Amino acid sequence: MFSLLSLSSALAGMRQAVAPASINTRTFGARFRHQIAPRKVKYAKRQKGRIPIPTGGSTRGTTLAYGEYGIRIKGQGVRFTAKQLSTAEEVIKRAIKVVKGAKVYLRVFPDIPVCIKGNETRMGKGKGTFEFWATRYSRLSCYVTTVSPYCSVPTGRVIFEVGGVPIREEIAREALRLGAAKLPTTYEFVTRESPPRLGNLLIEPVPLSVPPPTPVNTLESP
């Protein structure tokens, strides 16, 4: 016969043996390989989409919103990879390290999962497996010192901004030039005074020309 004390000790040992191990979700699965990703999405798989063209006349996202200086796309719209953006961000942060308190703002964020099939795969049998996160130019967003795994960005969109503290234009221009050298297509340096861009067209402010008032003769002739 087993005593009550020995039976309780045996049950306690069994509980310790079958205790579930904790799983770190940051290293489990392909969706957490990158340091930036949406915490929650409505659909596991979505369409990647195309590079949008601003045909409606909207200039949203083409001017600075958080920093004092920045770069925006001047050439054709392009898709960025995570390695390109992370390399450019590291170069900019290294160049402005001399200015204490300076920040780097990235104006894109990935929220669309992109799925890819392997090479020489037959058609059908559903969508491919998750590969990386993509972002679509649908809303104005800003994330401080972050990178996005994949971007579909049109012409005129601001990519990087530098600010946070007063910084000399020479330092910001050189830092953004080094960062733009790591990215495809061509860019232009913009400031707070730069006009918005609609595709390849700069929207310059038109001064209102008010004609001089016509003199009125109130005196009647005799």
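These legends walk through several views of one protein chain, a predicted model.

In this predicted model, local features need pLDDT of at least 70, side-chain atom pairs count only at pLDDT 80 or more, and totals for chains, interfaces and linings use all residues. Residues are numbered from 1 along each chain as its sequence is written, and side-chain values use heavy atoms, with hydrogens and water left out.

**View 1**
Starting at the N terminus, the elements go α-β-β-α-β-β-β-β-β-β-α-β-β-β. Helices (H or I, at least four residues) and strands (E, at least two) are DSSP runs, numbered from the N terminus. The protein chain has 222 residues, and 34% of them are buried. Here, buried means under 20% relative accessible area, exposed means over 50%, and partly exposed is in between (1.4 Å probe, protein chains only). Take the contacts (heavy atoms within 4.5 Å) with a separation of 6 or more: 80% of them join residues 24 or more positions apart.

**View 2. The largest nonpolar core, with 25 residues.**
A nonpolar core is a set of buried Ala, Val, Leu, Ile, Met, Phe, Trp, Tyr and Cys residues joined through side-chain atoms within 4.5 Å. Which residues touch the most other members of this core? They are Phe 80, Ile 159, Phe 160, Leu 176 and Tyr 187. At least two core residues come from each of β1 (69-73), β2 (78-81), α2 (82-95), β3 (103-106), β8 (158-163), α3 (169-180) and β9 (187-191). Helix α3 gives the most, with four residues.

**View 3. Helices α2 and α3, packed at an angle of about 155 degrees.**
The two axes are 8 Å apart. Axes are lines fitted to C-alpha atoms, for helices over the stretch in contact, and angles run from 0 to 180 degrees between N-to-C directions. On this scale, under 35 degrees counts as roughly parallel, over 145 as roughly antiparallel, 65 to 115 as roughly perpendicular and the rest as oblique. So α2 and α3 are roughly antiparallel to each other. The crossing of α2 past α3 is right-handed; that is the name when the near helix is turned clockwise from the far one by less than a right angle, and left-handed is the name when it is turned anticlockwise. From α2, the contact takes in Ala 88, Val 91, Ile 92 and Ala 95, while α3 brings Ile 171, Ala 175, Leu 176, Leu 178 and Gly 179. Sorted by class, that makes eight nonpolar residues, one polar and no charged. For this count, Ala, Val, Leu, Ile, Met, Phe, Trp, Tyr, Cys and Pro are nonpolar, Asp, Glu, Lys and Arg are charged, and the others, Gly among them, are polar.

**View 4. Glu 161, a residue of strand β8.**
Is Glu 161 buried or exposed? It is buried, with a relative accessible area of 0%. Leaving out residues up to four places away in sequence, Glu 161 touches a list of residues including Thr 63, Leu 64, Tyr 69, Lys 103, Tyr 105 and Arg 107. Arg 107 is 54 residues away along the chain, yet its C-alpha atom and that of Glu 161 are separated by 7.9 Å.

**View 5. Tyr 105 in strand β3.**
Tyr 105 has a relative accessible area of 9%, so it is buried. Between Tyr 105 and Gly 163 there are 7.9 Å, C-alpha to C-alpha, with the two 58 residues apart in sequence.

**View 6. Thr 191 in strand β9.**
Thr 191 counts as buried because its relative accessibility is 19%. Again skipping residues up to four places away in sequence, Thr 191 touches Leu 64, Glu 68 and Tyr 69.

**View 7. Phe 109, in the loop between β3 and β4 (112-116).**
Pro 38 is 71 residues from Phe 109 in sequence, and their C-alpha atoms are 8.8 Å apart.

**View 8. Lys 125 and Thr 185, each with a positive phi.**
Lys 125 has phi near 60 degrees and is a residue other than glycine. Its place is the loop between β4 and β5 (129-136), and at 86% relative accessibility Lys 125 counts as exposed. For Thr 185, also not a glycine, phi is about 60 degrees. Thr 185 sits in the loop between α3 and β9 and is partly exposed, at 30% relative accessible area.
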